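Subject: Handover of a structure and notes on its contents

Dear colleague,

Please find the structure below, together with its sequence. My notes follow it.

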Protein chains: 2
Amino acid sequence: MELWFTEKQTKNFGITAKIKRTLHTEQTEFQKLDMIETEEFGNMLVLDGMVMTTQKDEFVYHEMVAHVPLFTHPNPENVLVVGGGDGGVIREVLKHPSVKKATLVEIDGKVIEYSKQYLPEIAGKLEDPRVEVKVDDGFMHIAKSENVYDVIMVDSTEPVGPAVNLFTKGFYAGISKALKEDGIFVAQTDNPWFTPELITNVQRDVKEIFPITRLYIANIPTYPSGMWTFTIGSKKHDPLEVSSDRFFDIETKYYTPELHKACFALPKFVSDLIK
Amino acid sequence: MELWFTEKQTKNFGITAKIKRTLHTEQTEFQKLDMIETEEFGNMLVLDGMVMTTQKDEFVYHEMVAHVPLFTHPNPENVLVVGGGDGGVIREVLKHPSVKKATLVEIDGKVIEYSKQYLPEIAGKLEDPRVEVKVDDGFMHIAKSENVYDVIMVDSTEPVGPAVNLFTKGFYAGISKALKEDGIFVAQTDNPWFTPELITNVQRDVKEIFPITRLYIANIPTYPSGMWTFTIGSKKHDPLEVSSDRFFDIETKYYTPELHKACFALPKFVSDLIK
């Protein structure tokens, strides 16, 4: 018998992956959590039926969400990750020696628990002394924070279920307040093939709050369309104007200083979405 | 009843698309040809079970295979497309007013016939007076040509079935001979996630024949991993050194002059493949 997991990424299109076995399945307080072992992508975390991360391609998302804003900020010391319970963004954040504290606020403690168990190379840095892990509502954490963070990364699920508040203008206003005066935030903003309106709407909302708003792209094979976007809102520092002496060597598999700029070169149909 | 077409892009991973109906299915002299109408991507041409092109995302491949070499060459007049029976590359080639003649050599006349019927917005320019369509073996056509073409584009299927000869060093040597002294060729070279060795091997072979060898990338949702690579071999002109006054406005949905350079910025794991 063959077992295949299929994610319908839209009503009419999806990906399908042969699985060796189900490692864990649970209805948590917030969502359906499945950890499966796939043949092609290794262990895979699935929330509410959507692929969140896999051992084979996780580096793309985690490197690109972390290093673009962190190299844009001249001296990131205090960093917040909202969501991201698998720990992959935190792992990348810690590659920056300027970072003194990295706080993870994940609403679902079960994501952290099972990532540590089944995705250890992703979650392994959550025990680092510079890291504080809070199992809490990211929206509420942001609302309580003022002038605290240099960089905030929103590593959320899609705008359904527990993450729905994280795609609102009120949330971006809260992020602005939580950031210091030269702070930067980044959020994953889905793909331009199947959810173009989401990109248009988020960019419009972020532009009203942040003087510098940018969109960049990375290729993630297990995410819908393979083309993923990230929206940056920045109070002062422009990711397109990072001087070359800001970059230093870190170990990556996707991110490079050259890509730091090239990832903002958008296909015509994508730049048309955010005009 | 729901009908879904699934392409196993690897033994263990695939995409799946809901279809409205099968428009045509036939075992041609060379391959299994299916034309299906999908909900998400419109009409879709499938050869030997692999998605070749769809109405929704075809523009990415066709623009990127055509405009990168055509804007690199200062004055492309005589252009050859090997494969590409759907006509999409030809359509893009004709956007360059310097082109006096565009020859299409497609081994399978049935691909041309059913593309004209079911993909008219892709194949519609095959009747243009500047176009010559030959139903012939591309490998043999190249072998017979000497010092003829400014730009050659290899728009082939995967290196199985009728296209297997198009991924050989002998073919690249033939292309070099068929090109004029400042000629350029481009070939699609699959994706770095599932077929990294192919990219490594093609780049190695092309490097032995062409002084300038480059790899670039585009996002194509219906192709394996969503990240597609193209290999350029050039005798004289470097795609990275096109002066900004070479570019002129053409109607595109993906290609832009900015992307012309940015698409050569490779993720670290990809550049490692061609070191």
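I begin with a contact in chain A: the side chain of A:Thr213 reaches the backbone oxygen of A:Phe210 at 3.4 Å. Please bear in mind throughout that this is a predicted model. A:Thr213 belongs to strand 11, which covers residues 212–219 of chain A. With a relative accessible area of 11%, A:Thr213 is buried. Apart from neighbours within four places in sequence, A:Thr213 is in contact with A:Gln203, A:Val206, A:Lys207, A:Thr231 and A:Ile232.

Domains and chains

The domain assignment divides chain A into domain 1 (3–54) and domain 2 (58–238). The centres of these two domains, taken over C-alpha atoms, are separated by 22 Å. Across the boundary, 24 residues of domain 1 of chain A are in contact with 22 residues of domain 2 of chain A.

As for the two chains, chain B is superposed on chain A by a rotation of 180° with 0.0 Å of shift along its axis, at an RMSD of 0.0 Å. That is the relation of a two-fold axis. Of the interface residues of chain B, 100% are also interface residues in chain A, so the copies meet through the same surface.

Annotated binding-site positions

The UniProt record, an unreviewed entry, gives the annotation "binding site" to A:His62, A:Asp86, A:Asp155, A:Ser156, A:Thr157 and A:Glu158. The feature "binding site" is also placed by UniProt (unreviewed entry) at A:Gln31, A:Glu106, A:Asp137, A:Gly138 and A:Pro162. I describe some of these residues in turn.

A:Asp86 sits in the loop between strand 6 (78–83) and helix 2 (88–93) of chain A. Its relative accessible area is 6%, and A:Asp86 is therefore buried. The side chains of A:Asp86 and A:His62 are joined by a polar contact of 3.2 Å; both residues carry the annotation in the UniProt record. Not counting residues up to four places away in sequence, A:Asp86 touches A:Thr53, A:His62, A:Val111, A:Ser115, A:Ile122 and A:Ala123.

A:Glu106 lies in strand 7 (residues 101–106) of chain A and is buried, at a relative accessible area of 7%. A polar atom of the side chain of A:Glu106 lies 2.8 Å from the backbone nitrogen of A:Gly85. Beyond four places in sequence, the contacts of A:Glu106 include A:Gly83, A:Gly84, A:Val111 and A:Lys134.

A:Thr157 is in the loop between strand 9 (149–155) and helix 6 (169–178) of chain A, and A:Pro162 is found in the loop between strand 9 and helix 6 of chain A. A:Thr157 counts as buried at 14% relative accessibility, whereas A:Pro162 is partly exposed, with a relative accessible area of 26%. Leaving aside neighbours within four places in sequence, A:Thr157 is in contact with residues including A:Gln31, A:Leu47 and A:Phe167.

Cysteines

Over all chains, the structure holds zero disulfides. A:Cys263 is in none, and the nearest cysteine sulfur, that of B:Cys263, is 14 Å away. A disulfide requires sulfur atoms within 2.5 Å, so the sulfur of B:Cys263, at 14 Å from that of A:Cys263, is too far for a bond. A:Cys263 counts as buried at 5% relative accessibility, and B:Cys263 likewise counts as buried at 5%.

With kind regards

Terms used
Residues numbered from 1 in each chain as written. Chains lettered and ligands numbered in written order. Predicted model: local features only at pLDDT ≥ 70, side-chain atom pairs only at ≥ 80, totals over all residues. Heavy atoms only, no water. Buried < 20%, exposed > 50% of the residue type's maximum accessible area, 1.4 Å probe, protein only. UniProt positions renumbered as here; feature names shortened; annotations may be inferred. Helix = DSSP H or I, 4+ residues; strand = E, 2+ residues; numbered from the N terminus. Contact = heavy atoms within 4.5 Å. Polar contact = N/O pair within 3.5 Å; in protein donor to acceptor, adjacent residues only side chain to side chain. Least-squares fit on C-alpha atoms with pLDDT ≥ 70 in both. Domains from an automatic or database assignment.
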